[in-house]
Amino acid sequence: MITRMIMARLGVAVLTLLIVSVVVFVATNMLPGDVAQIVLGQAATPEAVAGLRKAMHLDQPAVLRYIFWLGGMMTGNPGTSLVNDVPIVTLIGGRLHNTLLLAAVTAAFSVPIALTLGITAAMWRNTLYDRLVSFATIAVVSVPEFMVATIAVLIFAVHLHWFPALSFANDVHSLGELLRVFAMPVISLSFVVSAQMIRMTRAALIDTLGQPFVEMARLKGAGRVRSVLTHALPNAIGPIANAVALSLSYLLGGVIIIETIFNYPGIAKLMVDGVATRDMPLIQTCAMIFCFGYLALVTVADICAILANPRLRYK
Amino acid sequence: MTELVEVKNLRVIARSDSGRETPIVHDIRFTVPRGKVVALIGESGSGKTTIALSLMGYARSGCRITSGSVRIGEREILSLSEAEKAKIRGRNVSYIAQSAAAAFNPARTIMSQVVESAMIHKLMPKAEAEAKAVELFRALALPDPEGVGSRYPHQVSGGQLQRLAAAMALISEPELVIFDEPTTALDVTTQIEVLRSFKSVIRERNTTGVYVSHDLAVVAQIADHIIVLRNGSIQESAPTEQILANAHSPYTRSLLAAANPAVHAQAAPPAEKAEDVPLLEVEGLVAGYGKPGPDGLPNVTVLNDVGLSLQPGTNLGVIGESGCGKSTLARVIAGLLPAAGGRVKFRGETLAGSVADRSKDQLRNIQIVFQMADTALNPTRSVAQILGRPLTFYHDVKGAERTRRVRQLLDLVHLPANMAERLPGELSGGQKQRVNLARALAAEPALILCDEVTSALDTVVAAAILDLLAELRRELKLSYLFISHDLSTVRAICDDVMVLYAGRKVEAGSGASMRAAPLHPYSDLLVSSIPELRTGWLDGLDKKAAEADGGIAAVLARADRCPFVSRCPVRKPGVCDVLEPPVRHLSKGSDILCHLEERELLALGVGA
């Protein structure tokens with residue numbers, strides 16, 4: 001029963017990814033301008049353009065090209081860059097590693113803090129502490145991230161000289177260096193992603209705290225901490241996991257501003273560069289990576305929710 | 001000192017969102033002697049649960065205990081700190097909640113929750129607590145006492161959960177147990193089992209208890225002393241016998257009267273030469289939920305081969321326990337759920353399965369009134385809008401005429417005309433149900449499907465709604481299909497009664513025939529399970545009511561045998577469990593679905 005539900009959920013994820021691939025392919029093909037023409041420039045002869053089109057399989061029907069593209073994508077060969085003839089895999093490889101590293105460090109830093117703040121705010125609801133947390137999260141969520149990042153650079157890099165203003169992940173050799181390099185982007189990103197996690201965790205938990213079984217726990221003599229951690233929290237895992245997944249998915253595709261400000265060589269920056277140079281295979285691959293990351297996170301959250309529910313676990 | 005609990009001058013106030021404070025409980029004083037059970041009885045809003053909770057020093061959010069004293073043993077509860085109160089809760093005083101289904105945490109096993117209070121208060125090692133829990137499960141007559149603890153709450157039935165909640169309360173051997181409407185959410189047949197096991201545990205352990213309920217008949221079986229509450233103050237306080245036999249306060253007397261609703265079923269006014277065509281006719285109805293399988297039957301079959309016939313101007317009561325398919329029957333007739341098989345005919349015409357395919361006139365003639373007036377009425381629409389919409393839709397009435405008709409409808413259900421501009425949230429439960437009824441009447445239907453319309457109401461209010469239904473029927477020549485789990489309500493208003501069990505019609509006959517022997521064994525169980533308003537009724541019952549938790553689900557799947565076989569006290573092995581029962585016509589005029597013949601049933605004393 002439960003394996004069937006999880007398989008169904010995974011099936012939906014794969015199907016979604018397939019649909020996304022169609023959308024990405026169609027959308028990038030609908031961009032105006034002929035790729036061969038752009039690559040060769042205005043001065044190219046029609047023969048040269050036609051030759052390149054043939055070499056790039058652009059003369060083939062779109063369906064066929066889609067199948068080729070999808071096949072390449074699945075076998076780990078999404079093609080070569082149109083701009084500098086480097087395989088996309090090589091271009092993305094190091095960048096993806098950087099982005100995942102930044103995402104992982106940010107997640108490791110922000111998720112525990114956000115959950116703790118959300119849970120404690122729910123526990124001491126309507127106290128001064130709760131109001132402070134709520135006020136702070138709203139304040140943070142309303143300030144655009146470039147503001148946070150710029151102010152962080154001004155204070156910590158320019159004035160205090162604590163951290164470098166630019167983050168070159170490539171010259172990290174020790175843990176200390178890692179912390180120094182990552183400090184500012186991680187803090188800026190954490191600000192952005194934590195706010196939603198805190199608010200959702202608090203809301204989900206307050207919702208379960210109002211349930212009769214939590215009152216029953218109190219009437220059995222359970223203190224506040226016990227009734228929250230052992231009674232309310234297990235029933236709020238589903239919504240909390242989803243909030244965390246949604247926030248973290250932002251770390252894959254949405255970090256372009258942070259990457260730009262700190263000149264961090266991540267994949268979002270690569271994609272924007274790809275758009276500027278009309279490097280279709282690069283754009284397509286980046287888009288697919290973002291979608292894959294997003295889907296993977298959301299699917300994991302859903303599976304967590306299924307596993308956390310005994311009604312589904314023991315039919 | 002013999003008084004375990006002494007409450008003096010208790011006062012609790014509630015704070016509304018706008019910050020206004022209103023006292024909801026005031027000047028309460030009572031005592032509970034050791035080893036006795038005192039009942040707090042009253043309708044919703046009478047403050048009975050608030051008082052019970054304050055015995056643990058607990059007030060729900062938005063409420064505050066402002067003054068008074070609650071002494072339990074040597075301790076003054078109200079002056080304790082929050083941490084000290086937590087030490088009392090679950091240790092010295094424990095609580096059994098109204099809905100055990102909601103009071104158990106769905107994400108944790110039953111055992112971990114039952115022994116939790118012993119763990120919190122460090123009363124005994126875990127293994128010892130678990131052994132003790134198993135012992136309690138056995139004392140409470142739970143099936144599979146060793147195994148039930150490792151299950152999750154959704155895996156056991158409501159009646160079992162309620163007994164498990166009792167085990168949860170008793171594990172720490174508290175001085176005082178608070179029972180907060182512990183059987184209200186249960187079917188009568190289940191209620192009787194739970195009451196029986198509560199009573200034996202209370203007696204064996206000499207438990208001191210406070211029993212909160214709205215049901216005098218239930219309380220009469222368990223309590224030694226009854227305190228009648230209304231609007232947060234005590235109306236009357238006396239020993240149980242005295243309250244039942246010789247109540248002083250007029251309010252107590254009205255409660256007693258409402259417990260036995262007046263019978264309105266007119267001895268079937270032989271509808272002027274009964275038209276030949278029945279108003280409503282249902283034949284061989286099969287319905288359920290989920291995708292139809294290869295055999296054309298739905299995934300879960302809820303109704304199986306159900307038939308009925310309703311003459312114009314008469315009422316049919318449909319009765320059965322939760323899950324028997326009675327609401328599904330109403331949904332199929334109303335066109336909300338297309339049937340998988342069989343036919344529904346209205347005035348001789350076969351009705352389409354779904355609302356969308358029925359004519360406007362067919363829709364107008366069959367109206368449905370739901371149990372929960374709270375959720376059936378759109379909270380953002382005024383009463384005038386709610387009633388005006390069907391007027392415009394069915395009768396194309398607009399403007400001043402519409403206002404006039406709305407006022408007329410309100411008058412019909414005995415609501416003042418100035419209610420028209422109110423929102424549902426500003427009305428009481430009984431008023432909402434009247435609006436709900438008026439909404440159905442606006443269509444000027446011939447048939448109203450009443451789905452448990454009085455179940456969510458207090459007894460006095462419910463009795464008034466029944467009076468209103470009877471009056472409307474006389475004035476407007478309506479017919480009702482009256483669905484209820486409560487036989488006394490059905491008897492009060494219906495000419496004919498149909499008993500459903502596990503989706504099968506097990507008995508159908510006139511209301512009067514339901515009082516004469518013999519009955520179908522299930523109808524007999526149902527009738528004998530209704531608590532009577534006298535002390536000693538529970539003790540006087542013989543144990544013929546077999547295992548109440550037979551588990552309907554297990555029965556539903558098997559069509560090749562009697563649906564009631566697993567719970568039937570008079571079953572014949574080798575017949576009832578292998579053959580489908582035939583329909584038998586009894587000499588008193590009713591039909592039953594049973595293998596036993598009339599004389600066999602009579603000889604066994606079924607329904608006597």
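Colleague: Which residue of S10(B) stands opposite B:His225?
Modeller: That's B:Pro239. Keep in mind that we're looking at a predicted model.

Colleague: How do you know that S9 and S10 of chain B are paired strands?
Modeller: Two strands pair if DSSP finds at least two bridges between them. Strand S9 (residues 225-230) and strand S10 (residues 233-239) of chain B are joined by 6 bridges, so the pair passes that test. The two strands run antiparallel.

Colleague: What makes S2 and S5 of chain B edge strands?
Modeller: Look at the sheet they belong to: 4 strands of chain B, antiparallel in their pairing, in the order S2-S1-S4-S5, and the sheet is open. Strand S2 (21-33) and strand S5 (75-76) each have a single partner strand, so one side of each has no neighbour in the sheet.

Colleague: How many bridges hold S4(B) and S5(B) together?
Modeller: There are 2, with S4 covering residues 63-72. The cut-off is at least two bridges, so S4(B) and S5(B) count as paired, in the antiparallel sense. B:Glu76 in S5(B) is the bridge partner of B:Arg71.

Colleague: Let's go to the two chains. How many residues of each are in contact?
Modeller: On chain A 18 residues, and on chain B 27. The two chains bury about 2,100 Å² between them, 58% of it on carbon and sulfur atoms. Of the area that chain A buries against chain B, A:Met216, A:Leu219 and A:Lys220 supply 32%, more than any other three residues.

Colleague: Why is the contact of B:Arg60 with A:Glu215 called a salt bridge?
Modeller: The rule asks for a side-chain nitrogen of Lys or Arg within 4 Å of a carboxyl oxygen of Asp or Glu. Here the closest N and O atoms are 2.8 Å apart, so the pair of B:Arg60 and A:Glu215 qualifies. Across the interface of chain A and chain B, the rule finds 4 salt bridges.

Colleague: Which helices of chain A each supply at least two residues of the side that touches chain B?
Modeller: Those are H9 (212-219), H10 (224-232) and H15 (310-313). H9(A) gives the most, with 6 residues. By class, this side of chain A has 8 nonpolar, 4 polar and 6 charged residues.

Colleague: What makes A:Asp302 and A:Arg9 a salt bridge?
Modeller: The N to O distance is 2.6 Å, and the limit is 4 Å, so the pair of A:Asp302 and A:Arg9 meets the rule. Between domain 1 and domain 2 of chain A the count is 3 residue pairs in polar contact.

Methods
Residues are numbered from 1 along each chain as its sequence is written. Chains are lettered from A and ligands numbered from 1 in the order in which they are written. This is a predicted model: local features need pLDDT of at least 70, side-chain atom pairs count only at pLDDT 80 or more; totals for chains, interfaces and linings use all residues. Side-chain values use heavy atoms; hydrogens and water are left out. Contact means heavy atoms within 4.5 Å. Buried area is the accessible area (1.4 Å probe) that two parts lose on being put together, summed over both. Ala, Val, Leu, Ile, Met, Phe, Trp, Tyr, Cys and Pro count as nonpolar, Asp, Glu, Lys and Arg as charged, and the others, Gly among them, as polar. A polar contact is a pair of N or O atoms within 3.5 Å; within protein, one must be able to donate a hydrogen and the other to accept it, and residues adjacent in sequence count only if both atoms are side-chain atoms.
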